[in-house]
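Please keep the structure in view while reading.

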Amino acid sequence: MWNIPEREFLLNPPRGFVFRQMHAEAQLLPDGRIAVSEKWFRHPPEIREFIVEHERGHIWEKRVLWGDDPDNTFKILDSETFGSMKDGAPTFIVSTFNLSEAMAESYAVYMTTPDELKRDYPRAFYFIEAMLQGASVDDAIELSSDYSISTLDAYWGSVP
Ligand SMILES: [Zn+2]
């Protein structure tokens, strides 16, 4: 799947995917399909996979944040699982400024190089693992809260 040639993709798009002319490399469509552009095909297979897992991460984070409990966003922010908005400036993990992007990016790292997420952002790793095993947001926060947010020294100062 990840090394499919562009012409083959155009002739016979894999299920759940569609080709689009667009600025972005990939985008989650409202119907749940993932659109990829010609830019996506310029990447090696492992980067293509990561980009698609990031978009799948948006399906996951929307389900979590817009799910049954409207307080989920605030619970996750308070838990600092994916970083914090305390002290004014948002400092989310993996250098994003937005909870949805931090969750999608963490999901992509979980799916492609889980050992790296576990090593660098253990709380996010155990939160995602619990959620994917069917835990509620409350339980996933509880289960992951013993682990540190980040093991990287530069974490809090790393966001420009
Ligand atoms: Zn994104």
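This is a predicted model: local features need pLDDT of at least 70, side-chain atom pairs count only at pLDDT 80 or more; totals for chains, interfaces and linings use all residues.

**Points on the fold, the sheet and the helix contacts**

1. Along the sequence, the elements of the chain follow the pattern α-β-β-β-α-α-α-β-β-α-α-α-α. The count is eight helices and five strands.

2. Two overall figures describe the chain. Of its 160 residues, 29% count as buried. Among the contacts with a separation of 6 or more, 46% are accounted for by residues 24 or more positions apart.

3. In what order do the three strands of the open sheet lie? The order is 1-3-2, and the pairing is mixed. Strand 1 (17-19) and strand 2 (26-28) are the edge strands, each of which pairs on one side only. From one strand to the next, the twist averages 25°.

4. The pairing of strand 1 with strand 3 (residues 34-36) deserves a separate remark. These two strands run parallel and are joined by three bridges. Within this pair, V18 stands opposite A35 in strand 3.

5. Helix 3 (residues 45-65) connects the description of the sheet with that of the helices. This helix lies across strand 2 and strand 3, and runs at about 15° to strand 2.

6. Helix 3 also packs against helix 5 (residues 99-112), at an angle of about 125° and with the axes 7 Å apart. Because of that angle, helix 3 is oblique to helix 5. The crossing of the two helices is right-handed. Helix 3 contributes E49, F50, E53, H54, R56, G57, H58, W60, E61 and L65 to the contact, while helix 5 contributes S100, M103, A104, E105, Y107, A108, M111 and T112. Sorted by class, this contact has eight nonpolar, five polar and five charged residues.

7. Is F50 buried or partly exposed? F50 is partly exposed, because 17 other C-beta atoms lie within 10 Å, whereas a buried residue would need 20 or more. Leaving aside residues up to four places away in sequence, F50 touches A108 and T112. F50 and T112 are 62 residues apart in sequence, yet 6.5 Å apart in space, C-alpha to C-alpha.

8. Helix 7 passes helix 8 in a right-handed crossing. On the side of helix 7 the contact is made by R123, Y126, F127, A130 and M131, and on the side of helix 8 by D139, A140, I141, L143 and S144. These residues divide into seven nonpolar, one polar and two charged.

9. Where does E80 lie? E80 is found in the loop between helix 4 (72-79) and strand 4 (83-84). With 19 other C-beta atoms within 10 Å, E80 is partly exposed; the cut-off for a buried residue is 20 or more.

Notes. Residues are numbered from 1 along each chain as its sequence is written. Two strands pair if DSSP finds at least two bridges between them. Helices (H or I, at least four residues) and strands (E, at least two) are DSSP runs, numbered from the N terminus. Axes are lines fitted to C-alpha atoms, for helices over the stretch in contact, and angles run from 0 to 180 degrees between N-to-C directions. Two residues are in contact if their C-beta atoms, placed from the backbone, lie within 7 Å. A residue is buried if 20 or more other C-beta atoms lie within 10 Å of its own, exposed if 12 or fewer, and partly exposed in between; C-beta atoms are placed from the backbone. Angles under 35 degrees count as roughly parallel, over 145 as roughly antiparallel, 65 to 115 as roughly perpendicular and the rest as oblique. A crossing is left-handed if the near helix is turned anticlockwise from the far one by less than a right angle, and right-handed if clockwise. Ala, Val, Leu, Ile, Met, Phe, Trp, Tyr, Cys and Pro count as nonpolar, Asp, Glu, Lys and Arg as charged, and the others, Gly among them, as polar.
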